[in-house]
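I opened the notebook to look up a few packing details, one entry at a time. The file is shown here for reference.

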Protein chains: 2
Amino acid sequence: MKVEKKTLQIVKSIAELRQLLDRNGRNSKTVGFVPTMGFLHEGHLSLVKHAKEQNDIVVMSIFVNPAQFGPGEDFVSYPRDIENDTLKAADAGVDILFLPTAEDMYPFEGGIKIIPGPQANELCGVKRPGHFDGVLKVVLKLFNIVDPDRSYFGMKDAQQLAIIETFVRDFNLRTTIVRVPIVREEDGLAKSSRNVNLTEIERCNAPIIYKALAQGAYHYDQKKEKEEIERLVAEIITSNSSGAIDYVSLLSYPGLTQDIKHSEEVILACAVKFSTTRLIDNIIMSTKDGSYVSNDDEQ
Amino acid sequence: MKVEKKTLQIVKSIAELRQLLDRNGRNSKTVGFVPTMGFLHEGHLSLVKHAKEQNDIVVMSIFVNPAQFGPGEDFVSYPRDIENDTLKAADAGVDILFLPTAEDMYPFEGGIKIIPGPQANELCGVKRPGHFDGVLKVVLKLFNIVDPDRSYFGMKDAQQLAIIETFVRDFNLRTTIVRVPIVREEDGLAKSSRNVNLTEIERCNAPIIYKALAQGAYHYDQKKEKEEIERLVAEIITSNSSGAIDYVSLLSYPGLTQDIKHSEEVILACAVKFSTTRLIDNIIMSTKDGSYVSNDDEQ
């Protein structure tokens, strides 16, 4: 017997979405929000699954946010497939799919910027100046438009998550951030919309990233020094693939400082560039028992 | 016959206020919000009056926000009188008086900043670097804590109002900004918490500020040039008082640009320093009919 699915509602204008989710009309129903840039994979669907378990209504947004891409970055080539995404969202049980236009999101330039603090000076922030300004802007806009009770972010974008958690806490934003663990391919490669841009041979080699991080985590557990661990991980990746290291960093989490001794969690993160495709991955570890907290235990 | 007043409820913690104003508990009642730094005068009470006319519940906050005072500014000497303010708020019909502590408002330094655009490079922004960063931070925090349907700002702080209007529009904040005209003493001096810091003779001379602005507005109406008007206003103030001119500027409103030809409104604003006390005032004029829009028509 086939269970009848609730119809997915597609909304394209901010005004329409606000009206639909108006607090007086919600009747105390809770809203879980999954912001994405589309080209959905199992990582996104895992966010939806978590959101469905905890909320009455699940809203997903798909918006490739121009403000978070720098000049020379892959805004134009970022993969898009709205038709397929819509099917996947419906299938996963999303109630409302929000597809705003850039014109509706950025109708004018007011000049006001949200600038992250020292957290943005590490990891991806080094090579992507202004990236997290753009992330914070779109996140605050989307939170204000959707007014979600809970918002779901993947731990793959660990730096983004750390900065958003700080933003929510420091500015009293009216949503609870839920961390969702990384979903991986069977060979360990973290799911990413950008994986489709890898050549066949790059795709074969890319799982070395996670294997190297796991080795690093083992060395961390063995009390090896921070710099030694970072060096080892980089070496494993470069000797087993054509990937060029952007960074390998062991930092406190979510503070993202070099002082890893006084934090409850640490992150071992890296970015690796395969010709045109830049991949990121990480392992977040509890400093108490060394257990991984960023990996999906269902995998 | 004395009409029984509803009791004023005083709330000191963020958590308590959020619980009290929870959307599910509001039952569709509208909330009007009046953020202040206290030492209430008729200007603030005019904000309350407007808020009461348009909302079911009126929330006033009193918080002398350290983040918007620069080093060497009057954070310590800023006048405070919570006891009197409480009586005035109760008398004006405020329902909830929110008195957060600095510890509750700023429990940690996350490093994330909201930076205004070119609007902050004019008027008070020139001499008060970082001032509007602090204003935007506290305003976003308070909006998120109170979740008001409408928020009331006086037109005396015209630059603050202009920047907040831009912030709300650009970041889709969930509140409507209501502009409330300037309330003046009988002799024309704009009501201000800082007026009490004037010496007797300064208080006698201070009304020249508004008289000079009104002269400037007359000259604007007579099509005099921008620079000529600014010069005339400054001259009237300095020849009739001990006040030192910080600025006199005729700008577009709310854009605050030098281009006054292509805006529906213009502002003629000034800041004048009397020994330790810095006063600001302005006239906002419609470019269509020259009428004043920043003066309280009830005065």
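**Entry 1, nonpolar core.** I looked up the largest nonpolar core and found 100 residues in it. A:Phe167 and B:Phe167 have the most contacts inside this core. I keep in mind that the model is predicted.

I then listed what A:Phe167 touches, leaving out residues up to four places away in sequence. Within chain A, the partners are A:Ile114, A:Leu136, A:Leu140, A:Asn172 and A:Leu173. From chain B, A:Phe167 touches B:Ile112 and B:Leu140. As background, I noted that nonpolar side chains tend to be buried together in soluble globular proteins.

Next I looked up the helix pair α7(B), residues 131–146, and α8(B), residues 158–170. Their axes are 11 Å apart, and the packing angle is about 55 degrees. The two helices are therefore oblique to each other. I logged the crossing as right-handed.

I wrote down both sides of the contact. α7(B) supplies B:Phe132, B:Val135, B:Leu136, B:Val139, B:Leu140 and B:Phe143. α8(B) supplies B:Gln159, B:Gln160, B:Ile163, B:Ile164, B:Phe167 and B:Val168. By class, I have ten nonpolar residues, two polar and no charged.

How do the axes of α10(B) and α11(B) cross, and at roughly what angle? I took α10(B) as residues 208–221 and α11(B) as residues 226–240. The axes come within 9 Å and cross at roughly 155 degrees. Angles over 145 degrees count as roughly antiparallel, so α10(B) and α11(B) are roughly antiparallel to each other. Their crossing is right-handed.

On the α10(B) side I listed B:Ile208, B:Ile209, B:Ala212, B:Leu213, B:Gln215, B:Gly216, B:His219 and B:Tyr220. They meet B:Ile229, B:Leu232, B:Val233, B:Ile236, B:Ile237 and B:Asn240 in α11(B). This contact divides into ten nonpolar residues, four polar and no charged.

Where does A:Thr257 lie? I found A:Thr257 in the loop between β8 (244–253) and β9 (265–274) of chain A. The relative accessible area of A:Thr257 is 36%, so I logged this residue as partly exposed.

Leaving out residues up to four places away in sequence, A:Thr257 touches A:Leu251 and A:Ser252. I also checked A:Glu228, which is 29 residues from A:Thr257 along the chain. Their C-alpha atoms are separated by 17 Å.

Key:
Residues numbered from 1 in each chain as written. Chains lettered and ligands numbered in written order. Predicted model: local features only at pLDDT ≥ 70, side-chain atom pairs only at ≥ 80, totals over all residues. Heavy atoms only, no water. Core = buried A, V, L, I, M, F, W, Y, C linked by side-chain atoms within 4.5 Å. Buried < 20%, exposed > 50% of the residue type's maximum accessible area, 1.4 Å probe, protein only. Contact = heavy atoms within 4.5 Å. Axes fitted to C-alpha atoms, helices over the stretch in contact; angles between N-to-C directions. Helix = DSSP H or I, 4+ residues; strand = E, 2+ residues; numbered from the N terminus. Parallel < 35°, antiparallel > 145°, perpendicular 65-115°, else oblique. Left-handed = near helix turned anticlockwise from the far one by under 90°. Nonpolar A, V, L, I, M, F, W, Y, C, P; charged D, E, K, R; others polar.
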